[in-house]
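Take a look at the sequence and the structure shown below. This report walks through some of the spaces and contacts inside.

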Amino acid sequence: TYRKALSVLRVNLESPQGMIRFRWTTPDRYPHRGMWLWDTCFSALGYLYVDTGIAAEVLRALLSVQRDDGFIPLMASPVEFYADNTQPPLVAWASWKVYKVCRSRRFLEYVYRRCGKYVEWLVSSRDFNGRGLLAWRKRFKAHPVRGARGGESGMDNSPRFDGGGYDDAVDLNSYVVNEMKHLALMASELGLREEAETWSEKSRRLADRVNEYMWCEEDGFYYDVRHDGSHLKVKTVASFTPLLAGIPSRRQAGRLLSHLISEREFWRPFPVSSVAACEPAYSK
């Protein structure tokens, strides 16, 4: 399995081309040929077991196509990039993991400012509801029945996105809290104490908003939040992402765990299901 995984990584590694000035990685040759945001982060983590130089370089490649305002596109190729959508922000998290192995200060200096600009762009561009929480950009009327698609989220066709409007997303906010925490680690490592404190404070404030608006005490679960402030009570795997960012208390984490290991919800014969089995939209 290890050798096969290595083979897949190697065959999907590209040389510098066009506007991508470093070696870069694509998830497959067809139909997704291109440099995708979070796929690149996962590939970098895979390369840590093989070649730390490549692991660092593919993240440099991803950040090299960043716009001046901080935006990183969902996908880029040597000749073009999608200019309106992004993908789950995992770049600072992946970059810190790579740095902990390669220990290249030059790499850390390269990624730190760029990752920070990306998070700042998300905070300024995805607060559609004015609550200080962030929402995925959706594509509406993409399906004659379901009606919407959340392509930015990586859960494109999840029932979370079936309604209209931009719902504050528990996974996006958790990812951003996680990114802010790793930016604080980077800043501290680079000797930028005040910036480290600033990122830590920003992460705490956003985590507090997630708990204030998205936690449902009655259900012991996190939900997306509609424009009117009500919970969008569709149980999906997105609601476990606060665990990644360390947002829940021990008590909250325990209640989340009870949902995770419930055979009536997420612990199916092939766990973890993307939608809880108790949901009408669940499908085998």
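## The second largest cavity

Five nonpolar, two polar and two charged residues make up the lining of the second largest cavity. The model is a predicted one. The space in this second largest cavity comes to about 40 Å³.

## The largest cavity

How many cavities of 30 Å³ or more does a search of the whole structure find? The search finds two. The largest cavity has a volume of about 50 Å³. Its lining consists of Trp136, Lys138, Arg160, Phe161, Asp167, Ala169 and Asp224. By class, three of these are nonpolar and four are charged, with no polar residue.

## The largest pocket

Now turn to the pockets. The largest pocket holds about 410 Å³ of space. It is lined by 18 residues, and the closest to its centre are Leu74, Asn85, Arg149, Gly151 and Glu152. What classes do the lining residues fall into? Eight are charged, five are polar and five are nonpolar.

## The second largest pocket

The second largest pocket has about 180 Å³ of space. Its lining is made up of Glu120, Val123, Asp127, Gly132, Leu134, Met180, Trp199, Lys202, Arg205, Leu206 and Arg209. By class, that gives five nonpolar, one polar and five charged residues.

Which helices each supply at least two residues of this lining? They are helix 5 (105-125) and helix 7 (193-214). Helix 7 gives the largest share, with five residues.

## Aromatic pairs

A pair of aromatic rings is described by two things: the distance of the centres and the angle of the planes. A search of the whole structure finds ten aromatic pairs. One of them joins tryptophan 96 and tyrosine 99. Their rings are 5.5 Å apart, centre to centre, with 35 degrees between the planes. This pair is tilted.

Where do these two residues sit? Both are in helix 4 (residues 91-102). They are three residues apart there, so about one helical turn separates them. Tryptophan 96 counts as buried because its relative accessibility is 11%, under the 20% cut-off. Tyrosine 99 counts as buried too, because its value is 6%.

Compare tryptophan 215 and tyrosine 222. Their ring centres are 4.8 Å apart, and their planes are at 65 degrees. Planes over 60 degrees apart count as edge-to-face, so this pair is edge-to-face. Are these residues buried or exposed? Tryptophan 215 is buried, and tyrosine 222 is buried as well.

Some rings gather in a group. Phe221, Tyr223, Phe240 and Phe266 form one aromatic cluster.

## Charges over a ring

Find tyrosine 110. Which arginine has its charged end over this ring, 4.7 Å from the centre? That residue is arginine 60. Arginine 114 also lies over the face of tyrosine 110. The distance from arginine 114 to the ring centre is 3.7 Å.

Arginine 131 is in the loop between helix 5 and strand 5 (139-140). Why does arginine 131 count as buried? Its relative accessibility is 14%, and buried means under 20%.

The side chain of arginine 131 reaches backbone oxygens. A polar atom of this side chain lies 2.7 Å from the backbone oxygen of arginine 226. The side chain of arginine 131 also reaches the backbone oxygen of histidine 227, at 3.2 Å.

## Valine 101

Valine 101 is in helix 4. That helix also holds tryptophan 96 and tyrosine 99. Valine 101 has a relative accessibility of 45%, so it counts as partly exposed.

How far apart are valine 101 and tyrosine 175 in sequence and in space? In sequence, they are 74 residues apart. In space, they are 22 Å apart, C-alpha to C-alpha.

Methods:
Residues numbered from 1 in each chain as written. Predicted model: local features only at pLDDT ≥ 70, side-chain atom pairs only at ≥ 80, totals over all residues. Heavy atoms only, no water. Phe/Tyr/Trp six-rings, centres within 6.5 Å; stacked < 30°, edge-to-face > 60°. Helix = DSSP H or I, 4+ residues; strand = E, 2+ residues; numbered from the N terminus. Buried < 20%, exposed > 50% of the residue type's maximum accessible area, 1.4 Å probe, protein only. Lys NZ or Arg CZ within 6 Å of the ring centre and 35° of its normal. 1 Å grid on protein atoms, 1.4 Å probe; cavity = no way out; pocket = protein on both sides within 12 Å on 5 of 7 lines; lining within 4 Å. Points joined across faces, edges and corners; volume = space filled by probe spheres on them. Nonpolar A, V, L, I, M, F, W, Y, C, P; charged D, E, K, R; others polar. Polar contact = N/O pair within 3.5 Å; in protein donor to acceptor, adjacent residues only side chain to side chain.
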